[in-house]
Amino acid sequence: MSAWRQAGLNYINYSNIAAKLLRQALKPEPKAEALKRGDAHIRITKWADGKPIKQHIFAYDRKTLFINSTIKKQIFKGKYVKCKYIK
Amino acid sequence: MGERNTAQAQCSGFTMLGRFGYLTPVLVQNVPIQQQRGMATLKSISMRLKSVKNIQKITQSMKMVSAAKYTKAERELKAVRPIGSGAQQFYERAEIAPLPDVPQKLVIAITSDRGLCGAVHTSVVRHIRTELAQDDQNIKVVCVGDKSRAILQRIYGKNIILACNEIGRLPPTFIDASKVADAILKSEYQFSAGEIVFNRFKSVVSYVTETLPVFSLASVTAAPKLSIYDSLDDEVVQSYLEFSLAALLFYAFKEGACSEQSSRMTAMDNASKNAGEMIEKLSLTFNRTRQAVITRELIEIISGASAL
């Protein structure tokens with residue numbers, strides 16, 4: 001088994017990283033054109049039971065406030081606590 | 001005549017006020033009646049004329065924009081076609097078939113976020129809908145583009161496992177395709193076979209809705225003719241399948257984008273033509289009405305003068 005697969009990557013990730021490095025190593029003229037091909041705009045949402053699943057962002061600091069797309073939440077003792085206002 | 005009728009209607013409105021003590025809805029009801037009775041006035045015609053002219057301007061500029069995008073998309077498509085056919089060849093040569101004991105199927109709909117482009121999105125969705133109508137238990141759908149999601153969501157919302165948007169504004173890149181492929185591989189949905197439904201670009205005025213087959217690792221390793229390929233081990237097959245899914249998706253994205261732009265071009269061309277026809281008719285009625293108003297005023301003046 002190759003090292004990158006052991007690290008949890010699949011071939012798509014692996015080859016994209018290689019392609020990114022190759023683009024960065026180009027000469028300045030082709031580089032500008034190639035870098036345009038290197039970014040993605042697509043946004044992917046998982047769906048279940050006819051509804052999109054909210055993706056939670058995990059924060060480590062227990063007092064960190066972060067804003068989800070719809071509700072503001074606060075991590076308190078490792079649990080989500082819904083709060084109306086941001087202090 | 002018209003004025004008298006409305007006056008009567010308003011009178012009845014006031015008697016109703018006495019009865020129900022509620023004036024506003026009655027008055028509101030009267031307004032459309034007034035508009036229906038009165039002939040199209042000069043002002044209303046000129047306002048419509050102006051709005052149709054604005055619409056024509058918009059459709060014309062949309063056509064120009066999509067024409068520019070289309071030439072770019074077609075140029076890029078030519079470069080991508082070998083990638084797509086190369087990836088397809090593997091499945092054909094190895095004669096891979098879906099596993100009989102795993103009926104789960106994956107369908108990937110290639111559309112975009114943007115409308116006003118004829119029937120490109122609906123024809124993809126219709127293809128998927130006929131499949132789902134036969135069997136909606138074992139088929140899961142990946143919607144690429146808001147349009148397919150919006151149509152499928154109502155009846156077959158439970159079959160959607162992934163929805164992708166923000167596509168169609170800019171030409172699709174390989175990174176876009178590999179993100180979708182990555183998400184499909186990580187979705188933990190066990191399928192034996194799948195298909196990508198997309199519009200294959202034929203010419204500026206035509207496209208065909210086609211499917212590309214996709215298979216899982218299990219179906220590929222069970223294929224009887226896989227041995228025509230030399231020195232394959234499991235890891236090579238797995239890596240190749242991952243890559244080929246991304247390549248096939250990329251190819252389908254490009255075909256879809258190209259047919260969308262060409263279809264939008266024709267749709268907008270037709271829209272501007274129709275708007276042009278409408279402008280012609282409206283300006284004719286506008287001139288006729290103006291002439292009628294002048295004639296009526298003249299008759300009134302002359303008959304008034306002769307009555308003196």
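## Terms and model

A residue is called exposed when its relative accessible area is over 50%, buried when it is under 20%, and partly exposed in between. The structure described here is a predicted model.

## Two loop residues with positive phi

Most residues other than glycine have a negative phi. Phi of E188(B) is near 60 degrees, a positive value in a residue that is not glycine. E188(B) sits in the loop that joins α6 (174-185) to β4 (193-203) of chain B. Its relative accessible area is 70%; the cut-off for exposed is over 50%, so E188(B) counts as exposed.

E95(B) also has a positive phi, near 50 degrees, and is likewise not a glycine. E95(B) belongs to the loop between α3 (42-93) and β1 (105-110) of chain B. Buried or partly exposed? At 43% relative accessibility, E95(B) is partly exposed, because 43% falls between the cut-offs of 20% and 50%.

## Chain B overall

Chain B holds eight helices and five strands. Read from the N terminus, the order of its elements is α-α-α-β-α-β-α-β-α-β-β-α-α. Chain B has 308 residues, and 38% of them count as buried.

Now the contacts in chain B with a separation of 6 or more. Of these, 76% come from residues 24 or more positions apart. Chain B exposes about 17,400 Å², with 58% of that area supplied by carbon and sulfur atoms.

## A nonpolar patch

Which residues make the nonpolar surface patch of about 280 Å²? They are I294(B), L298(B) and I302(B). I302(B) lies in helix α8 (residues 234-307) of chain B. With 54% relative accessibility, I302(B) is exposed.

## Where chains A and B meet

The contact draws 25 residues from chain A and 33 residues from chain B. On the chain A side, I12(A), I42(A) and W47(A) lose the most area to chain B, and together they make up 29% of what that side buries. Between them, chain A and chain B bury about 2,500 Å². Carbon and sulfur atoms carry 56% of this buried area.

Charged pairs also cross the interface. How many salt bridges does the rule find between chain A and chain B? It finds two. R5(A) forms a salt bridge with E242(B), and their closest N and O atoms are 3.3 Å apart.

## Aromatic pairs and a cluster

Over all chains, the count of aromatic pairs comes to 13. Y11(A) and Y14(A) form a tilted pair, with 5.9 Å centre to centre and 55 degrees between the planes.

Y11(A) is partly exposed at 26% relative accessibility. Y14(A) is partly exposed too, with a relative accessible area of 36%.

Notes. Residues are numbered from 1 along each chain as its sequence is written. Chains are lettered from A and ligands numbered from 1 in the order in which they are written. This is a predicted model: local features need pLDDT of at least 70, side-chain atom pairs count only at pLDDT 80 or more; totals for chains, interfaces and linings use all residues. Side-chain values use heavy atoms; hydrogens and water are left out. Rings of Phe, Tyr and Trp (its six-membered ring) pair if their centres lie within 6.5 Å; planes under 30 degrees apart count as stacked, over 60 as edge-to-face and the rest as tilted. Buried means under 20% relative accessible area, exposed over 50%, partly exposed in between (1.4 Å probe, protein chains only). Helices (H or I, at least four residues) and strands (E, at least two) are DSSP runs, numbered from the N terminus. Patches are made of residues with over 30% relative accessible area and no salt bridge: like charges are joined within 9 Å, nonpolar side chains (Val, Leu, Ile, Met, Phe, Trp, Tyr) within 5 Å. Accessible areas come from the Shrake-Rupley method with a 1.4 Å probe; for residues, only the protein chains shown count as cover. A salt bridge is a side-chain nitrogen of Lys or Arg within 4 Å of a carboxyl oxygen of Asp or Glu. Contact means heavy atoms within 4.5 Å. Buried area is the accessible area (1.4 Å probe) that two parts lose on being put together, summed over both.
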